[in-house]
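Please open the structure in a viewer and keep the selection panel at hand. The stops below say what to select next and what is to be found there.

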Amino acid sequence: MVIIEGLSKVFDHGTTNEKLALDNINLSLGTGEFVTVIGGNGAGKSTLLNCIAGVFEIDTGRIMLGNKDMTYWPEYKRSRHIGRVFQDPLQGTAFDMTIEENLAIAYAKGKPQGLRRGINKADLQKFRERLSLLDLGLEDRMKQKVGTLSGGQRQALTLLMATMVEPQLLLLDEHTAALDPGMAKKVISLTGEMVEQYHLCTLMVTHNMKAALEYGSRTIMMHEGRIIMDITGRERETMTVELLIKQFGSRSGTELDNDRLLLS
Amino acid sequence: MSFLAFQGSIELGIIYAIMALGVFLSFRTLNFPDLTVDGSFVTGAAFSAVLCINGHPVWGLVLGLVAGSAAGCITALLHTKLEIQPLLAGILVMLGLYSINLKVMGTRANIPLVNQTTVFSSLEGTALEAYAQLLIPLGILLALLILLFLFLKTKLGFSLRATGDNAQMVRALGVNTDTTILIGMALSNSLVALSGALLSQYQSFTDIGMGIGMVVIGLASVIIGEVIFGTSSLLRRLIAVILGAVLYRMIIAVALEMGMPATDLKLVSATLVALALAMPIIKKKALFYKRKIAAQGIKRGG
């Protein structure tokens with residue numbers, strides 16, 4: 001479903017700050033595969049997601065989605081097949097527009113824009129149904145501006161918007177890191193439900209080691225722009241957080257230094 | 001204020017309100033501080049005057065509008081494709097337009113339209129003749145208000161509004177923000193140019209310098225409207241901008257009546273906008289000093 005071949009990315013090329021952010025990454029995800037990504041600060045996790053999404057141009061390599069070679073596609077064009085949720089809850093929604101207007105933009109993804117009415121009756125019914133899945137009471141507040149929602153509510157809404165038109169790939173970039181523990185739990189379990197329901201091919205960067213092992217079917221660990229561990233099946237089932245940290249130490253030769261890392 | 005002065009400021013307010021809607025579209029909806037306005041306003045007026053002299057006042061408005069939208073497109077392209085900062089892109093186009101406007105005007109700095117047929121002549125001989133200068137701009141303004149409101153409620157309108165809020169989100173939802181900015185800037189400057197075109201025929205002349213500070217007047221109208229008439233819904237915001245423009249003209253009329261020299265007008269406009277923009281910070285600082293003084297008072301007392 002997703003094939004990444006020889007992907008490299010250098011920041012500040014030719015300056016004293018030159019940094020090899022991604023070093024020859026090879027990764028392929030099967031249909032419906034849910035992969036969690038962990039690693040220390042500056043390991044290249046977010047850069048990898050941003051390269052796939054088209055936010056950054058890549059230096060070498062190839063990115064395929066389905067049978068499409070997206071390597072040279074602009075970000076907005078890739079977005080028609082990719083759903084994204086960001087770490088910052090402010091990044092995924094338009095704060096000065098209402099909940100229903102935000103959903104309408106998400107629902108129009110990949111369709112011609114045009115001068116048709118932004119929202120019709122059938123849309124409202126669909127939005128109401130989808131919002132009630134979140135169990136946050138947002139279905140009764142559809143005319144309210146998104147700016148009045150809490151970070152967690154906005155993040156749940158962003159998740160809904162990212163999957164409104166079923167994407168071929170879902171990219172989640174530490175999307176619960178900025179939330180309080182209760183809301184983080186809620187959003188991550190919603191994520192699990194949605195991915196399972198639609199059988200979505202998903203890459204989830206997380207700072208929560210436990211969640212990394214609990215959700216999905218495969219876990220990769222990154223360090224200095226490379227994938228240093230890739231576990232699945234039996235090996236992953238028997239993996240514990242303690243073992244994971246130990247493995248990291250032996251494979252990278254350093255201590256895990258993600259300052260936001262949650263071990264429990 | 002005399003009734004004549006009152007009526008005059010309402011008429012001018014209505015014409016400037018069209019420009020203010022354009023400024024609202026770029027500054028507020030797209031979050032793009034667009035200085036093209038000072039140039040595209042005159043572009044509209046230049047086309048209007050030249051076509052008026054040739055006996056086509058209505059085409060003067062239409063071509064003025066089209067030329068304005070072209071100017072807006074260039075500013076948008078400078079920003080989106082060549083990544084020039086919005087302010088600078090606007091300034092560059094504004095500067096370039098000065099030469100273009102002079103060319104359109106046949107290298108004259110001023111074109112008088114005295115005794116020319118204008119759009120305001122169209123009601124001559126009817127019962128409404130005396131109110132032509134109020135009714136024609138008002139009709140155009142109301143039509144534009146409805147069209148703009150309906151447009152901002154379409155799918156494309158949603159994307160355009162969201163671009164100003166959060167361009168990253170719009171791209172993540174599969175919409176090319178370069179396109180939404182282009183469409184928004186074209187629309188914005190076409191409104192501005194239409195306003196200039198109408199003003200030219202209303203005041204019976206076009207002057208190469210008539211656009212100076214236009215963006216500040218537009219912004220003043222937007223801010224006055226927002227503060228006094230509110231921002232709770234989209235329709236209310238649009239109406240607030242229009243009322244803000246009319247109110248601004250009234251304030252100016254009163255100031256002139258009270259003996260302010262007309263040459264001070266721009267200084268007053270600039271001061272007004274600076275004050276309005278600084279209001280939230282001034283309020284915050286005032287509150288801080290109030291707390292500080294209160295705290296020191298307690299210390300001294302104890």
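Begin with the side chains of R236(A) and T219(A), which are joined by a polar contact of 2.8 Å. The model is a predicted one, and every value in this tour is to be read accordingly.

R236(A) belongs to helix α8 of chain A, residues 233-237. To complete the view, display the contacts of R236(A) beyond four places in sequence, among them T36(A), A212(A), L213(A), G216(A) and I231(A).

Stay in helix α8 of chain A and select E237(A) with R234(A). Their side chains form a salt bridge, N to O 3.4 Å. The two residues are three apart in this helix, about one turn.

**Second stop: salt bridges**

Over all chains, the structure holds 18 salt bridges. Select K145(A) and D96(A), whose side chains meet at 3.2 Å, N to O. K145(A) is in the loop between α4 (121-134) and α5 (151-162) of chain A, and D96(A) is in the loop between β6 (82-85) and α3 (99-107) of chain A, so the pair ties together parts 49 residues apart in sequence. K145(A) is partly exposed, at a relative accessible area of 26%; D96(A) also counts as partly exposed, at 26% relative accessibility.

Next, select R226(A) and E224(A), where a salt bridge of 4.0 Å, N to O, joins the side chains. R226(A) has a relative accessible area of 35% and is therefore partly exposed. E224(A), at 52%, counts as exposed, because the exposed class begins over 50%.

Six aromatic pairs are present over all chains. Select F11(A) and F56(A), an edge-to-face pair with 5.2 Å from centre to centre and 85 degrees between the planes. The pair links distant parts of the chain: F11(A) sits in strand β1 (residues 2-11) of chain A, and F56(A) in the loop between α1 (45-53) and β4 (60-65) of chain A, 45 residues apart. F11(A) is partly exposed at 27% relative accessibility, and F56(A) is partly exposed at 25%.

Now move to chain B and select Y16(B) and F41(B), which form a stacked pair, 6.2 Å centre to centre with 5 degrees between the planes. Y16(B) lies in helix α1 (residues 3-29) of chain B and F41(B) in helix α2 (residues 37-53) of chain B, 25 residues apart. Are these residues buried or exposed? Both Y16(B) and F41(B) are buried.

**Last stop: helix α8 of chain B**

Select residues 177-203 of chain B, which make up helix α8. At 1.5 Å a residue, its 27 residues should span 39 Å, and the end C-alpha atoms are 39 Å apart, which agrees. Of the 27 residues of α8(B), 21 are buried, so that the helix is mostly covered. At the start of α8(B), find N176(B): a side-chain oxygen of this residue comes to within 3.1 Å of the backbone nitrogen of D178(B). Finish at S204(B), which follows α8(B) and has a positive phi, near 65 degrees.

Terms used:
Residues numbered from 1 in each chain as written. Chains lettered and ligands numbered in written order. Predicted model: local features only at pLDDT ≥ 70, side-chain atom pairs only at ≥ 80, totals over all residues. Heavy atoms only, no water. Helix = DSSP H or I, 4+ residues; strand = E, 2+ residues; numbered from the N terminus. Expected span 1.5 Å × (residues − 1). Buried < 20%, exposed > 50% of the residue type's maximum accessible area, 1.4 Å probe, protein only. Polar contact = N/O pair within 3.5 Å; in protein donor to acceptor, adjacent residues only side chain to side chain. Contact = heavy atoms within 4.5 Å. Phe/Tyr/Trp six-rings, centres within 6.5 Å; stacked < 30°, edge-to-face > 60°.
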